[in-house]
Amino acid sequence: MILEKKYKCQTCFENNFVDVELYFCSETVDIIEDCRVCCNPNSISYTVENEKIVYFEVIKTY
Ligand SMILES: [Zn+2]
């Protein structure tokens with residue numbers, strides 16, 4: 001199951017979406033996504049457990 005998770009770009013603060021795959025087992029994922037508005041990269045880190053996002057963080061990437 002894929003969830004479209006909304007996040008704010010840490011450079012321009014516009015809303016973006018990232019596809020999050022929901023797992024049954026605990027899974028931590030680190031990805032870098034380019035903002036669709038300003039094209040700056042954001043580091044996204046999230047943890048999925050029992051098909052729910054239990055942790056989600058966006059960090060500005062330099
Ligand atoms: Zn942006």
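Good morning. I begin with contacts: among those in the chain between residues at least 6 apart in sequence, 38% join residues at least 24 apart. Two residues are in contact if their C-beta atoms, placed from the backbone, lie within 7 Å.

This is a predicted model, in which local features need pLDDT of at least 70 and side-chain atom pairs count only at pLDDT 80 or more, while totals for chains, interfaces and linings use all residues. Residues are numbered from 1 along each chain as its sequence is written.

The chain has 0 helices and 5 strands, where helices (H or I, at least four residues) and strands (E, at least two) are DSSP runs numbered from the N terminus. The radius of gyration of the chain is 12 Å, close to the 11 Å that the globule rule gives for 62 residues, so the chain is as compact as a globular protein of that length. That radius is taken over C-alpha atoms, and the rule is 2.2 Å times the number of residues to the power 0.38. Along the principal axes, the C-alpha atoms fill a box of roughly 35 × 20 × 15 Å.

How many of the 62 residues count as buried? The figure is 6%; buried means that 20 or more other C-beta atoms, placed from the backbone, lie within 10 Å of the residue's own. Strand β2, residues 15–21, is hardly covered, with 0 buried among its 7 residues.

Strand β1, residues 2–8, pairs with β2 in the antiparallel sense over 7 bridges; pairing requires at least two DSSP bridges. I2 has E21 of β2 as its bridge partner. The two strands, β1 and β2, form a hairpin with 6 residues between them, and F13 in the turn has a positive phi of about 60°. Thank you.

Conventions. A residue is buried if 20 or more other C-beta atoms lie within 10 Å of its own, exposed if 12 or fewer, and partly exposed in between; C-beta atoms are placed from the backbone.
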